Amino acid sequence: MSPLYHRLSLGIAADEDLLALADQAKRGQPKPNLFLAAVQRLLVETPDHALAAFYPNISGSPAPSDDPAPAFRDFCLERQQALTGLLATRMVQTNVVRRCASLLPAFVYVDDLGLGGALYLIEIGASAGLNMLWDSYGYDYGEGRVYGGLESQVQISSKFRGNQIPTLPSILPMVAGRIGVDLNPIDMNDPEETMWLKALVWPERRDELELLEAAMQAASDAPPKVLKGDAVDLLPGLIDSVPESQLPCLFHSHVLNQFPAEAREAFWTLVEKRGAKRNLAVVSMEGVRRGEYSVVEVTHYRDGVKTNRRLANGDSHGYWLEWLAG
Ligand SMILES: C[S@@+](CC[C@H](N)C(=O)[O-])C[C@H]1O[C@@H](n2cnc3c(N)ncnc32)[C@H](O)[C@@H]1O
């Protein structure tokens, strides 16, 4: 939780004008995240405003201990029109690269299932697609547990909690291909798009911003392909186009909460249909209600038989993982 956003949220909740403004967020979008990101996006353009002093990432100095709510209200009312524009058009589109530390053990688990062939990754809600490149990053879970591309410019730290530690290989699973789908793929060569991506990072999370920037830099020459469209429409064709010698490995992190209930149902119906015809796996990392933590699970189909297993609970931004799968 961001301490600044916690304080701002208390101010917003007690202010009818700000609540009405936040209410203009697009239907189905998490309003608090969208509203606070829109404010941060505009604030970087006016770092002289009093509100900027509360954002250490913008001011470059530690935040004062005063109440940020009056400056926040002042800024929002001043930039009401621009805010309304962002709320009506933008979506909550993070690309939280540290989540790869929670996804990695799940991909290893899928690979170990021996469902046939190297993994063909299909990411649902890929945003800029940076998490599809998990196999090129380096990982440090502490206590000497280091894996992956230790020479990569993208180095992800996390830690394991609890009694069980997953066994991870020194050579990561082979990825045969990768493709993402998103309602609005982030074009890493468009500065406005990348500024929006960065505006979604909580102000105190300097490490998260640096990781995002490193991953964008590493991917800039050959960005992963992300198709524009609704996953429910595009997935059947994408799954069917994976060669028989490879394993379709769908994955999503913090995406299904943005699907209306009927779209979630349609998603699982189409997965079931494909799973009846060929082996495939779905790696899921989604938040529990109220967002205290995330659950990592794998659903796989082998010869038409479906198996679902919860592998871990973890921090929703990948800072820790509690392995449950033995
Ligand atoms: C919160 S972001 C998460 C991005 C990334 N998976 C991560 O973990 O950082 C959710 C993403 O899902 C996308 N999304 C939402 N509904 C979608 C749909 N029906 N089809 C495809 N993408 C969708 C949004 O555009 C957004 O980029």
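Is E143 buried or exposed? E143 is exposed, with a relative accessible area of 75%; here buried means under 20% relative accessible area, exposed over 50% and partly exposed in between (1.4 Å probe, protein chains only).

A word on the model: it is predicted, so local features need pLDDT of at least 70 and side-chain atom pairs count only at pLDDT 80 or more, while totals for chains, interfaces and linings use all residues. Residues are numbered from 1 along each chain as its sequence is written, and side-chain values use heavy atoms, with hydrogens and water left out.

View 1. Helices (H or I, at least four residues) and strands (E, at least two) are DSSP runs, numbered from the N terminus. Most residues other than glycine have a negative phi.

**View 2. The largest nonpolar core has 55 residues.** Such a core is a set of buried Ala, Val, Leu, Ile, Met, Phe, Trp, Tyr and Cys residues joined through side-chain atoms within 4.5 Å. Among the members touching the most others are F107, W134 and I156. The largest share, nine residues, comes from α7.

**View 3. Around I156, we find contacts with Y137, Y139 and L211, among others.** Contact means heavy atoms within 4.5 Å.

**View 4. D48 is in the loop between α3 (31–43) and α4 (56–59).** D48 counts as exposed, at 78% relative accessibility.

Technical notes: Lists of a residue's contacts leave out its neighbours within four places in sequence.
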